[in-house]
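Please look over the fold below before reading on. A short report on its helices and selected residues follows the display.

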Amino acid sequence: MAASKYQIDMCHGPLFGKIVLFSLPLMFTYILQLLFNAADLIVIGHYAPHEAMAAVGATMNLNSLVINIFIGISIGANVLAARYFGARDRRSITRTVQTTMTVALFGGILLMIVGLLVARPLLILMDTPENILPQACTYIRICFCAIPCIMLYNFGCAILRAVGDTRRPLFFLVIAGVINVLLNLFFVIVCGMEVAGVALATAISHAISAGLILRTLSVTREAYRFNLKKLYVDWKIFFEMLKIGIPAGVQSSCFAISNMIIQSSINSFGSLAMAGMTAALGVEGIVYVGSFSFHQTAISFVAQNLGGKKFKRIQRSLFNCFFCACLCNLILGEGFYLFGEQVLRIFNPNPEVIAWGLLRMKMLFTTYFLCGIMDVASGGLRGLGYSFLSAVITLFGACVFRVWWVFEIFPHYRTMENLLLSYPISWLLVAILNSTLLYWVCRRLFRAQRWKGGRIGGAKRPAV
């Protein structure tokens, strides 16, 4: 199978350099995406009342809840495409791409309709204060109109990641992100649209990035070409995607549900606390870059080497991802906490808002390496096809645990510190459980393959 200059062969050659080459564009993509999102908050924070910033923050978890189930299915597409690419199975790659992008298009339209219908009731259910509810509804509804574009972009990126291409999604994000910032300034400062202007700029940028991804997949001559004139779903591929992707999507959605419950408790501290938490969230995403990028790296490297039957490279890939994720999260978490006041001032100059943001940094940023361990272990399990077990562990170890904490522990000690403590404890719990399961799965898989066909590493098994 011919390789383009953007692809990375994960099954041959030195591993660490390829992992870095693969993950760096992912990091920059994620950081730029967050910076462009942070630009929304910065524009709102400086050119609109703090209630507008709180309104944007109140919708974050709801937005994640609605789209994460389908984004999880894109992980299934990533695993399958990477596995078939490692096995050099062109026909299966083509079927996977056509199925993936068809599901993204029609699933995105369906999800947009559902999101528009449930937006206001869910915001009310989250105890969103009356003074920011209308603005929150406006923001989330405009964003939901862009869901088909978000789906196409994310599913398309999943296909490109599967073949080792993380650079072009970065280029596309730069283009769309710069346009997003310029439109933010125009709609908010020039047109005075506040929350609606920020949401409209975001929706337009999503449409641009989706168009660039579609063009890339449509004009390529590689096996992962997408033919817009032949939309179809290969049901075998689709159900395999669901088998891997639905647990991942349900897991992410359950995270969003538990975070919505925590957000409801944060809301009880008032709009200044909400604005402070929102400002810290804008920075927290950058700290999360190590977890995100090496989670995705683990999925692609493990799945592609599984398809190519390179079992020792799976183990080495995981060790590299664990090390890099922990190191990255430690450096970013401690660094941002050290300069937290200066960073938060960029979002909002209000001293009370900054104080609340610093509290979140103190509780979470210093422990983010635990999240890195949790996410890499989860990515390794998904790459190996054990998405369901990983999702069950994460569901109970993080999501159910956090909900239990809010209803059983938090009422006895109603402080923000106690509320935020549920995050690092849940990361530690899930990191231990997922890493233990990953060790067991790898040991079982390698042992089975070592003796398969009466051979050990290509040599016949010795007679007993």
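## Overall make-up

This is a predicted model. The protein holds 17 helices and two strands. It has 464 residues, and 58% of them count as buried.

Take the contacts between residues at least 6 apart in sequence: 85% of these join residues at least 24 apart. The accessible surface is about 19000 Å². Carbon and sulfur atoms account for 68% of that surface.

H6 covers residues 167-190, and H7 covers residues 195-219. Their axes come within 8 Å and cross at roughly 155 degrees. The cut-off for roughly antiparallel is over 145 degrees, so H6 and H7 fall in that class. The crossing of H6 past H7 is right-handed. On the H6 side, the contact is made by Arg168, Phe172, Ile175, Ala176, Ile179, Asn180, Leu183, Asn184, Phe187 and Val188. On the H7 side, the residues include Gly197, Val198, Leu200, Ala201, Ile204, Ser205, Ile208, Leu212 and Thr216.

H6 also packs with H5, which spans residues 147-162. Here the axes come within 9 Å, with a crossing angle of roughly 150 degrees. H5 is therefore roughly antiparallel to H6. Tyr153, Cys157 and Leu160 of H5 meet Arg168, Pro169 and Leu173 of H6.

H14 runs from residue 368 to 383, 16 residues in all. From its first C-alpha to its last it reaches 23 Å, close to the expected 22 Å. How much of H14 is buried? The count is 14 of the 16 residues, so H14 is largely enclosed by the rest of the structure. Just after H14 comes Gly385, with a positive phi of about 95 degrees.

H11 and H14 pack at about 155 degrees, their axes 8 Å apart. That angle makes them roughly antiparallel, which is why their N-to-C directions are described that way. H11 passes H14 in a right-handed crossing. From H11, the contact uses Leu318, Cys321, Phe322, Ala325, Cys326, Asn329 and Leu330. From H14, it uses Tyr368, Phe369, Cys371, Gly372, Ile373, Val376, Ala377 and Gly380. An α-helix has 3.6 residues a turn, so residues three or four places apart point the same way.

Ala104 lies in helix H3. Its relative accessible area is 0%, so Ala104 is buried. Which residues does Ala104 contact, neighbours within four places in sequence left aside? They are Met151, Leu152 and Phe155. Phe155 is 51 residues from Ala104 along the chain, yet their C-alpha atoms are separated by 6.5 Å.

Asn320 is part of H11, which covers residues 311-338. Its relative accessibility is 19%; the limit for buried is under 20%, so Asn320 counts as buried. With residues up to four places away in sequence not counted, Asn320 touches Leu15, Phe16 and Ile19.

## Exposed residue: Leu125

Leu125 also belongs to helix H3, which spans residues 90-125. Is Leu125 buried or exposed? Its relative accessibility is 64%, so Leu125 counts as exposed. The C-alpha atoms of Leu125 and Ser264 are separated by 8.7 Å. Along the chain these two are 139 residues apart.

## Loop residues with positive phi

Arg88 sits in the loop between H2 (50-86) and H3. Its phi is near 60 degrees, a positive value in a residue other than glycine. Arg88 has 36% relative accessibility and therefore counts as partly exposed.

Lys309 is in the loop between H10 (289-307) and H11. Phi of Lys309 is near 60 degrees, again positive in a residue other than glycine. The relative accessible area of Lys309 is 55%, so it is exposed.

Methods. Residues are numbered from 1 along each chain as its sequence is written. This is a predicted model: local features need pLDDT of at least 70, side-chain atom pairs count only at pLDDT 80 or more; totals for chains, interfaces and linings use all residues. Side-chain values use heavy atoms; hydrogens and water are left out. Helices (H or I, at least four residues) and strands (E, at least two) are DSSP runs, numbered from the N terminus. The expected span of a helix is 1.5 Å times one less than its number of residues. Buried means under 20% relative accessible area, exposed over 50%, partly exposed in between (1.4 Å probe, protein chains only). Contact means heavy atoms within 4.5 Å. Accessible areas come from the Shrake-Rupley method with a 1.4 Å probe; for residues, only the protein chains shown count as cover. Axes are lines fitted to C-alpha atoms, for helices over the stretch in contact, and angles run from 0 to 180 degrees between N-to-C directions. Angles under 35 degrees count as roughly parallel, over 145 as roughly antiparallel, 65 to 115 as roughly perpendicular and the rest as oblique. A crossing is left-handed if the near helix is turned anticlockwise from the far one by less than a right angle, and right-handed if clockwise.
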